Each structure stands twice: as C-alpha cells, then as structure tokens.
Amino acid sequence: PCALVISTPVTVVSALTAAARRGILIKGGGVLESARGLRVLALDKTGTLTTGSPTLVHWQALDGADASAAASAAWQLASRSEHPVSRAIAAGLPAAGANGVQQLQALPGLGVQAEIGGRRWLLGNLRLMREQGLVDAALEDTLAQHERQGRSVTLLADGQGVRALFAVADPLRAQARQAMEQLRALGVHPVVLSGDNPATAQAIAAEAGVEDARGGLLPQDKLAALAALQRSHGPTAMAGDGINDAPALAQADLGFAMGGAHSTGMAMETAGIVLMNDDLRRIPDTVLLARRAHRVLWQNIALALGIKAVFCVLALLGQASMWMAVAADMGVSLLVVANGLRLRRWRHAAEK
C-alpha cells in the first residue's frame, strides 16, 4: 500500500524537524531509533555537566619556587593547549614571552610538556605527577582540600619537583540537576566519567544529583567503562564535548555532543546527536521524542495495513465500491501523512 511506504519517512522527518526546532540536530532516523531504548547515559564532566568556562580561582608557588618563573612557564604551556582548564590558567596568569618553547607534546588525559629555555616543564594533573614520582604526602593533603570544594587542580613541575599549583573552578550547568531527574524518571541511569580527579568528579556529580561518578579516567579508561556499562545495563549513550571524548562517543550506542562555543569539531563529527544550545534537558527530550515517534510509526503501519485488510474483506464479500477503494488508498495515505506530521508540533509536558 502507498500509505505503508509513506508512513515511515513522514514520521521520521517530522520527528527530526521537531528536534531541530529545539536545537537538537539528529543525524538520521536510525540515530533517532537508538535513543528510544537508552538505559544508561555517561557524561563527561568538564564542558558537559559543567559550563566549560572554568576560571582560575587560586594558584601558588610550592617548595620555595620562583613564582615569576613558574607563572611564565605555566602560561607558555597552557596557552598552547585547547583544554578548557588550560585556557582558564592562561587567562588567569599574566602573559609571558612565547620564545624558547620547544618539543611541545600533548599527553592525552594527562597534560602537556615542553622544553623552555633548555629546561623540561610539565603541566598536568595529579596522575601525570604520580607517574613522574613527584608527589608526596604534603602535596596530597593540599590537593585534597581543593578537591573537596569541587576544584580541578593542575600542577606545574620541572622534572625535579612540583613547582606550582593551579586550582580551577567550573560551575555546574544551571539545567544539569533537572536534566538528571528527568532522565531517571525515564528509566535512564546517569553516570559521570571524568578525566578529572575522583574527588572533584564526585563533588560535581553530587551537586548534579548523580550518585555514580568515576574520575581519573584516560580516554582508554572511558572506553573500558562504557563497554562494561553496555554489558551490564544495555544500550548506553555518551555525552561529551572535547577531543578526549571522541573515542567514547564512537564506542557508545549513541553519542551526544555539546555543540556550543567550547565544543570541538571532532566531538560533533563523531556523535550522532548535537545539542546546539548546550542544554542538558534536551537529552531526556530526545528520548521522549524517540519513544513518541516510535508509537506514531506503529500507528501509521497499523492504519495502512488494517484499513487495506478491511477493504479486501469487503471486496471479497462483494460489498466494496469505487469510493471505498479511493478511501482505502489515497484516503489512508493522507491519514498517515497527517498523523505523522503531528510530531512537528510535539512539545515536552513541561513546555506546554
């Protein structure tokens, strides 16, 4: 039947249109269908659960280091990184000369290193410093104080020891807590997977109302965590915004990329759905819309086949007429089109 052929594309395109009007760019009907059965949503912290606009709230030189030299080295390293935390450090320090930086190397999930004036400098997280054997108990205590306040701490070292500490605060997105509540109401379990230290990740997750938070994860650790969630819970989505999130976005059953000013092109290219307004509430909206589209699609299929079956029975009984044939063909086609187009006016209950 013509109505059967028309029912699916009209329904899918109407749902994609309704999503686009809310700043949700969905890359095709298959992606929309994947959102219907989600059971777990894994979220990155920086730039996803938080605003992605961190600020440097405190920094100090350690072990009697030259504060001026430490600030200069930190600025030169941070200014060459695209990570939001590095940008916050660079913005919070006085600009220094860019000469003398050689052999700059990014360390994914850890930090950055380079030679400045013939001296090797490292700017990165606690995990990097532990790998270099530069962390002692006193430094651990100092970091713990900042982490309990939800701050991300970055350390500067010169290969001989840690020379400075930089504490960055990134506020939680205003809609994050409401979005997490909506997800749980839909039966979707939120999980935070962060490259930041565990204490900071747990503090921010608790503020958002997420109980399951895992920190200190490198990109490959996020992949392993996602695979475990997929095995234990079923269909799992990933939401992120940075280049470090791209492998996880590709691994997940469905990827949500934050499409605002702080997001990377790689994340948006890898993900199946892009949230152009960075509103986390659009994730539960996507799940609701996908489930609604699924119901409308089956309604259209039932109408297309059911009415045709009734007409065939009437024809066999000699009760059919030409006008019935027109109604069973063109009439039903118009009916499924009108039913599918209702999705263009779809709104979440909170918007009505």
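Contact here means heavy atoms within 4.5 Å. The structure is a predicted model, and the contacts described below are those of that model.

Phenylalanine 166 is found in strand 8, which spans residues 162-169. At 0% relative accessibility, phenylalanine 166 counts as buried, because the limit for that class is under 20%. Setting aside residues up to four places away in sequence, phenylalanine 166 touches Leu56, His58, Trp59, Ala74, Ile89, Leu93, Leu123, Ser152, Val153, Thr154 and Leu156. Between phenylalanine 166 and alanine 88 there are 78 residues of separation in sequence and 9.8 Å in space, C-alpha to C-alpha.

One partner of phenylalanine 166, Ser152, has its place in strand 7 (residues 152-157). Serine 152 counts as buried, at 7% relative accessibility. Apart from neighbours within four places in sequence, serine 152 is in contact with Lys45, Phe166, Ala167, Val168, Asp196 and Thr200.

## Nonpolar cores

In soluble globular proteins, nonpolar side chains tend to be buried together. In this model the largest nonpolar core has 41 residues. The residues with the most contacts inside that core are Leu41, Leu49, Leu254, Phe256, Ile273, Leu280 and Ile283. Helix 13 (residues 282-316) supplies the largest share of this core, namely 6 residues. A second, separate core of 23 residues includes Ala74, Ala114, Leu156 and Val168. Ala74 and Leu156 are also among the residues touched by phenylalanine 166, and Val168 is one of the contacts of serine 152.

Leucine 49 illustrates the surroundings of a residue in the largest core. Not counting residues up to four places away in sequence, leucine 49 touches Leu43, Asp44, Leu172, Arg173, Ala176, Val192, Ile204, Ala205, Ala208 and Leu280. The list thus includes both Leu280, itself named for its contacts inside the core, and the residues Asp44 and Arg173, which belong to the charged class.

## Aspartate 44

Aspartate 44 is placed in the loop between strand 2 (40-43) and helix 3 (45-49). Aspartate 44 is buried, with a relative accessible area of 7%. Beyond residues up to four places away in sequence, aspartate 44 touches Leu49, Leu193, Ser194, Lys222, Met238, Ala239, Gly240, Asp241 and Asp245. Among these partners are Lys222, Asp241 and Asp245, which fall in the charged class.

## Helix packing

Helix 1 (residues 2-21) and helix 14 (residues 322-341) pack at an angle of about 15 degrees, with their axes 8 Å apart. Helix 1 is therefore roughly parallel to helix 14, since angles under 35 degrees count as roughly parallel. Helix 1 passes helix 14 in a right-handed crossing. On the side of helix 1 the contact involves Cys2, Ala3, Ile6, Ser7, Val10, Thr11 and Ser14; on the side of helix 14 it involves Asp329, Val332, Ser333, Val336, Val337, Gly340 and Leu341. By class, the residues of this contact divide into 8 nonpolar, 5 polar and 1 charged.

Helix 2 (residues 29-36) packs against helix 13 at an angle of about 105 degrees, with axes 7 Å apart. This angle makes helix 2 roughly perpendicular to helix 13, because the range for that term is 65 to 115 degrees. Leu32, Glu33, Ala35 and Arg36 of helix 2 meet Thr286, Val287, Ala290, Arg291, Ala293 and His294 of helix 13. The contact of helix 2 with helix 13 comprises 5 nonpolar, 2 polar and 3 charged residues.

## Positive phi angles

Glutamine 103 has a positive phi of about 50 degrees although it is not a glycine. Glutamine 103 lies in strand 4 (residues 101-107) and is exposed, with a relative accessible area of 61%.

Aspartate 278, likewise not a glycine, has a positive phi of about 60 degrees. Aspartate 278 is found in the loop between strand 13 (273-275) and helix 13, and it is buried, with a relative accessible area of 11%.

## Glycine 109

Glycine 109 is found in the loop between strand 4 and strand 5 (111-116). With a relative accessible area of 22%, glycine 109 is partly exposed. Leaving out residues up to four places away in sequence, glycine 109 touches Asn125, Leu218, Pro219 and Asn244. Glycine 109 and methionine 276 are 167 residues apart in sequence and 25 Å apart in space, C-alpha to C-alpha.

Technical notes. Residues numbered from 1 in each chain as written. Predicted model: local features only at pLDDT ≥ 70, side-chain atom pairs only at ≥ 80, totals over all residues. Heavy atoms only, no water. Axes fitted to C-alpha atoms, helices over the stretch in contact; angles between N-to-C directions. Helix = DSSP H or I, 4+ residues; strand = E, 2+ residues; numbered from the N terminus. Parallel < 35°, antiparallel > 145°, perpendicular 65-115°, else oblique. Left-handed = near helix turned anticlockwise from the far one by under 90°. Core = buried A, V, L, I, M, F, W, Y, C linked by side-chain atoms within 4.5 Å. Buried < 20%, exposed > 50% of the residue type's maximum accessible area, 1.4 Å probe, protein only.
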